[in-house]
Amino acid sequence: MSMATVISLIGGLGLFLYGMKLMSEALEKAAGAKMRSILEFFTKNKLMGTFVGIVFTAIVQSSSATTVMVVSFVNSGLMTLAQAAGVIMGANIGTTVTSQLIAFDLSKIAPLFVMIGVVMMMISKKVKVKRFGEVVLGFGILFVGLSTMSGAMSGFRNSPVIVDMLSSLDNHLLAIVIGFAITAILQSSSATVGIVLLMATQGLLHLDICFFLILGCNVGSCVSALLASLGGKKEAKRAAWIHFMFNVVGSAIIFAILSFTLEPVTNALFEISGGDMGRAVANAHTSIKVLEVIMLFPFIDKIVALTYKIVPGEDKKSGEEYELHFIGGEKIISPSAAVIDTIHEIENMGKIAITNLQNAMDALLDGDEEKIRIVEEQEKYINYLNHEITNYLIRVNHLELPIADADMIGALFHVVNDVERIGDHAQNMAEFAERRIKNNVVFTEKARNNMRELLERDILLLKYSLEMFAHKDQKHMREILELEDTIDKLERKYQNAHIKRLTKNKCTPEAGMIFTDTISGLERIGDHATNIAFAIMEPSGGEVDLDDMDEDK
C-alpha cells in the first residue's frame with residue numbers, strides 16, 4: 001500500500017463528508033423552514049411524529065440535524081419529551097436513506113451532478129435556485145468522494161497486511177467499539193456506514209461483521225445530540241438521552257438476537273439483496289433501524305420516564321426577576337429552530353402587552369390604583385423582553401439560516417418594536433390614570449363608552465394579529481383589516497364629538513386632554529397590531545403595503 005493510496009483515501013473521505021454536509025445544510029436552508037413547520041405541527045401524535053421524523057430526515061439527509069432540532073424544540077418548550085421520542089425514532093429510520101442511495105453506486109454520473117450544481121449556482125440569481133444548486137453539487141461531490149475512496153480501497157486488496165487484519169476482524173464487541181469511535185469522530189453515522197459499505201463491496205469486510213460495525217454507528221450517532229444538549233435545559237438533556245437510550249437499548253437487543261441467528265440472517269439478507277454486497281449492507285442498516293423502532297415504540301413512555309431518573313430535578317431559577325420562556329442561554333442549540341423560538345417568545349411578549357393594555361385602561365376608567373402598579377411592573381418586564389429578544393435576534397442574524405428564516409429576521413426586529421410600543425402606550429395610559437386620580441378628573445359617560453369601545457376593538461385586533469403572526473393563520477385577515485379601518489374612523493369620530501362636548505362645557509379641559517391622548521394612543525395601537533399581523537406573511541399570501549402608516553408605529 002503506497003502513500004498515494006492513503007492520500008487518495010483521505011481525500012475521498014474529505015470530499016464525501018463535505019458533499020454530505022453541503023447537501024444536508026443546503027436542503028435545510030432551502031426547505032428547512034417549511035419542514036420545521038411540519039415537524040412542529042404533526043408531532044402531537046407519537047406515531048405521526050415517527051412518520052414525520054422518517055420523512056424529515058430522509059429529506060435533509062441527517063438524523064443529527066433532526067435530533068438537534070428536536071432537542072432545541074424541547075429546550076424551548078415547543079415539544080414534549082413524548083413527542084420528541086417519536087420523531088427521534090423516525091429519524092433513525094430516515095437516516096438509512098443515505099446508505100440506500102450509496103448502494104446505487106452513482107459514481108459514474110457523479111461529475112454530471114457536480115456540473116449541474118455549479119451551473120445552477122453560477123447562472124441563477126434566485127437564492128432558492130442557488131440553494132438547490134448546492135444540494136445537487138453536494139450530491140455530486142458526495143459520490144465523487146465515494147468513487148475516490150472506492151478506488152483507494154481497491155488498492156488495499158493488494159496489501160496482505162490490511163486484508164489479513166480486516167478479514168480476521170471477528171470480535172463483535174470490538175467491531176461495535178470501532179463503529180462507535182469512527183462515528184463519534186466523523187459526527188455522521190451515514191459517513192461511517194458509507195465507508196463500511198465500500199469496504200464490504202471491495203471484499204475487505206464480511207457481511208456478518210458489518211452488522212456489528214453498524215450497531216456501533218448507531219450508538220456513535222448520539223454524540224451530536226448529547227453535545228448539543230449540554231448548554232440546554234434539563235428537558236433538552238432528557239431528549240438527547242432518549243436518543244441515546246433508544247440506540248443503545250436497540251443495539252443491545254439486536255446484538256443479542258444476532259449472537260444466535262447471525263449466519264441465517266446474513267445468508268437471508270444477502271439473498272434478498274440479489275447477491276449485491278453493497279445493497280446487503282444498506283439493507284442491513286435499514287433492517288436494524290426498522291426493527292429497533294418496532295421493538296421499542298410501545299415503550300416510549302417508559303423510556304421518557306427513565307430519562308427523569310437519569311436527569312432528575314428541575315432547572316434552577318436564574319435568580320433574575322424576569323425570565324424568557326423560549327429563547328435564552330449563551331448557546332443557540334439549532335439555527336433551524338432559532339427563528340421559530342423567537343416568534344414564540346415575541347408571541348408571549350405580545351400577550352403580556354395585551355394584558356397590560358387591559359389593566360391600564362381599567363386603571364384609567366375605574367380609578368384602580370393597584371392596577372397602575374401592575375402596569376408599571378409589567379412594563380419593566382416588556383422592556384426586558386424587548387432587550388433580550390433584540391439581542392438574541394442580532395446573534396441569530398449571524399447564523400446560517402434557512403432561506404425563509406433569513407428573510408424574516410428584519411421583520412421580527414420590527415415586530416418586537418411594535419409590541420414594545422404597545423407596552424409604552426399602556427404605560428402612558430397608566431400615567432393618565434394616575435393623573436386622573438390625583439386631580440379627581442371626571443369623564444362623561446359618553447367619553448367612557450368611547451374609550452371602552454375602542455379598547456375592545458383594539459384587544460380583539462391584537463389577539464387576531466398575534467395569532468396571524470405566530471401561526472401564519474390568515475382566517476381572521478379580513479376582520480383585522482376591517483377592525484383597523486373601524487378604529488381609525490371611530491377615533492376621528494370621537495375626536496370631533498369631544499370638540500363639541502368641550503365647546504358646550506360638558507367636560508373639563510384636563511379630562512379632554514386625557515381623552516384625546518388616550519383615543520389617539522388606542523388608534524396607534526391598532527396600527528401596531530396591523531403591522532404585527534402582516535409582518536412575516538409571505539408575498540404569495542397577499543402581502544399588504546403598510547408603508548403609508550404613521551411613523552410612530
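This is a predicted model: local features need pLDDT of at least 70, side-chain atom pairs count only at pLDDT 80 or more; totals for chains, interfaces and linings use all residues.
Residues are numbered from 1 along each chain as its sequence is written, and side-chain values use heavy atoms, with hydrogens and water left out.

**Exercise 1.** Determine how the axes of helices α10 and α11 cross, and which residues make the contact.

Solution. Step 1: helices are DSSP runs (H or I, at least four residues), numbered from the N terminus; α10 spans residues 189-201 and α11 spans residues 207-220.
Step 1: with axes fitted to C-alpha atoms over the stretch in contact, and angles running from 0 to 180 degrees between N-to-C directions, the two axes come within 9 Å and cross at roughly 170°.
Step 2: α10 and α11 are therefore roughly antiparallel (over 145 degrees).
Step 3: the contact (heavy atoms within 4.5 Å) involves Ser189, Thr192, Val193, Val196 and Ala200 of α10, together with Cys210, Leu213, Ile214 and Cys217 of α11.
Step 4: these residues comprise 7 nonpolar (Ala, Val, Leu, Ile, Met, Phe, Trp, Tyr, Cys and Pro), 2 polar (the others, Gly among them) and no charged (Asp, Glu, Lys and Arg).

**Exercise 2.** Classify the aromatic pair formed by tryptophan 241 and phenylalanine 244.

Solution. Step 1: the structure holds 5 aromatic pairs (ring centres of Phe, Tyr and Trp, its six-membered ring, within 6.5 Å).
Step 1: for tryptophan 241 and phenylalanine 244, the centres are 5.1 Å apart, with 80° between the planes.
Step 2: the pair is edge-to-face (over 60 degrees).
Step 3: both residues lie in helix α13 (residues 234-272), 3 residues apart, about one turn of the helix.

Key:
Helices (H or I, at least four residues) and strands (E, at least two) are DSSP runs, numbered from the N terminus. Angles under 35 degrees count as roughly parallel, over 145 as roughly antiparallel, 65 to 115 as roughly perpendicular and the rest as oblique. Rings of Phe, Tyr and Trp (its six-membered ring) pair if their centres lie within 6.5 Å; planes under 30 degrees apart count as stacked, over 60 as edge-to-face and the rest as tilted.
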